[in-house]
Amino acid sequence: MSTSRRAGFVNGLAAFGGTSHPQHPLYVGRPNIPNRDAVLARVGTALDNRWLSNDGPMVREFEEVVEARLGVRHCVAVANATLGLGIVARALGLHGEVVVPAFTFVATAHSLAWQGITPVFCDIDRDSHQLDPAAVEAVITERTTGILAAHTWGRPCDIDGLSELAARHHLELFFDAAPAYGASYRGTYLGHFGRAEVLSFHATKIVNSGEGGAILTNDDEIAASARLMRTFGFADTDLVTSIGTNAKMSELAAGMGICSLASYDEYLAVNTRNFSRYCAALADVPGITVVPCAPDTAINFNNVVIEIDPRRAGIERDIMLQVLTAEQILARRYFWPGCHRMEPYRSLRTPADHHFPITDLVAGRVLSLPTGTSIEPADIDRVCELISGIVEHGEEISARVGNGIVAASGNQ
Ligand code: T4K
């Protein structure tokens, strides 16, 4: 659209008192809802069974579906991915320090700290936004016992590079695969790499069970240990053989998860269509890059992430976010400000700690956009029209907003 056709664009923005609101807010992370009758039938089955938790038949069925779909030997369903990660850390006997990306959802770090393990943050690769093996090597010490890498944005990280590094330093390697159900690396589904990988089935993920997670592993001992730990360490009635917690998935969650898994292909098709539409519509917008899918990988496209180069786009990410939010386009700036700038880690840092310039740069530039089955093609067209218009009028918008909004939204 030409500048002349956009006359009045800035005044029309809700951020400046205009009335261009859509009828409904557009969310990042709106759950995909499977066939309602199927979900209600599953709830009915659980009620009829009078079996609601503790290794019920639907949890086992859920695990079997995941095992069959991904070809992995063991799926241990858990209440959420955060608990799953902590259980794997314990099953591997990790202690001391474990290396994690600074740029990830804070649960990656918390899952370790909750076990008394020190998460040692590490910078990411500039292009992929994934843990950089060279940076990992630089922070390995005699206290390091493992590497917990994340498949950020549901995109496989540098599994080969990290596996080689872990083997060379005799470190355990496992993966936070929270957003990555169905993704694959060089033709193999995630779930087969490292000692274990942990999925999330939270409401915001492509396949959801409301709350839920799963430990995937081809290792019989890790699976057996995880099964014990998720249920207080009970090996049998009245027989506790190890420390444990309560990380059980309920039957109701498993029922929802089974129905969601049955709809995966439909969700993937919608996400793929949405991603392509965003890519096409934003291709010629200066300074806006849609984070792509790397070669040799397949992903579920549940995260549509753009990177905004403020020099080329003429606008800062946080101003873009404020303007979109006013339009009820509720984009999110995951994973601002980086785990190293969140408590308790922020206060624990010393001047001698490493700095994470790439994490800081990327965390200040990325924006997650709405996708999933709640988002229509016309919604994407509207989001992209707005982004394009905001960039076109970047200088004017920035001048009108001033620095106040950016300062108010940061918490470094
Ligand atoms: N590792 C990684 C790399 C992760 O990304 C996550 C979770 C984990 C580990 C831990 O997995 P779990 O332990 O949760 O299984 C959300 C999710 O709560 C979190 O699961 C997810 N990552 C993270 C990236 O996003 P918040 O704090 O941003 O959630 P909230 O409440 O702001 O909701 C996100 C958006 O979803 C909003 O736009 C509203 C929308 N929403 C959310 C829910 C729950 C809905 O529309 N309906 C809903 O029911 O963390």
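Reader: What lies over the face of Phe16, and how far from the ring centre?
Author: Arg400 does, at 4.6 Å from the ring centre. A charge counts as over a ring if NZ of Lys or CZ of Arg is within 6 Å of the ring centre and within 35 degrees of the ring normal.

Reader: Before we go on, what kind of model is this?
Author: It's a predicted model, where local features need pLDDT of at least 70 and side-chain atom pairs count only at pLDDT 80 or more, while totals for chains, interfaces and linings use all residues. Residues are numbered from 1 along each chain as its sequence is written, and side-chain values use heavy atoms, with hydrogens and water left out.

Reader: OK, aromatics. How many aromatic pairs does a search of the whole structure find?
Author: The search turns up 12. Rings of Phe, Tyr and Trp (its six-membered ring) pair if their centres lie within 6.5 Å; planes under 30 degrees apart are stacked, over 60 edge-to-face, and the rest tilted.

Reader: What's the geometry of Phe62 and Phe201?
Author: Edge-to-face, with 5.1 Å centre to centre and 80 degrees between the planes. Phe62 sits in helix H3 and Phe201 in the loop between strand E9 (197-200) and strand E10 (213-217), so the pair ties together parts that are 139 residues apart in sequence. Helices (H or I, at least four residues) and strands (E, at least two) are DSSP runs, numbered from the N terminus.

Reader: Are Phe62 and Phe201 buried or exposed?
Author: Both are buried. That means under 20% relative accessible area; exposed is over 50%, and partly exposed is in between (1.4 Å probe, protein chains only).

Reader: And Phe232 with Phe234, what sort of pair is that?
Author: Their ring centres are 6.2 Å apart and the planes are at 85 degrees, so that pair is edge-to-face. Phe232 is partly exposed, at 38% relative accessibility, and Phe234 is partly exposed at 36%.

Reader: Back to Phe62. Which residues is it in contact with, leaving aside neighbours within four places in sequence?
Author: Ala77, Phe201, Met249, Ala254, Gly257, Ile258 and Leu261, where contact means heavy atoms within 4.5 Å.

Reader: Which residues have the most contacts inside the largest nonpolar core?
Author: Phe62 and Tyr181, in a core of 46 residues. A nonpolar core here is a set of buried Ala, Val, Leu, Ile, Met, Phe, Trp, Tyr and Cys residues joined through side-chain atoms within 4.5 Å. Helix H3 (residues 57-70) gives the largest share of this core, 5 residues. Another core lies apart from it, with 36 residues, among them Val290, Ala313, Ala331 and Leu369.

Reader: New topic: strand E10. How many of its residues are buried?
Author: 5 of the 5, so E10 is largely enclosed by the rest of the structure. Gly213, Ile215 and Thr217 point one way, and Ala214 and Leu216 point the other way. In a regular strand the side chains alternate between the two faces of the sheet.

Reader: What does E10 pair with?
Author: Strand E2 (residues 74-78) pairs with E10 in the antiparallel sense over 5 bridges, and 4 bridges join E9 to E10, also antiparallel. Two strands pair if DSSP finds at least two bridges between them.

Reader: What's the strand order in the open sheet with E7?
Author: E8-E7-E14, 3 strands with antiparallel pairing. The edge strands are E8 (188-189) and E14 (297-298), each pairing on one side only. E7 (residues 184-185) is joined to E14 by 2 bridges, and Ser184 has Ala298 as its bridge partner.

Reader: Which residues other than glycine have a positive phi?
Author: Among them are His129, at about 70 degrees, and Gln328, near 65 degrees. Most residues other than glycine have a negative phi, and most peptide bonds are trans. His129 is in the loop between strand E4 (118-122) and helix H6 (133-139), and it is buried, with a relative accessible area of 1%. Gln328 is in the loop between helix H12 (317-326) and E16, and is partly exposed at 26%.
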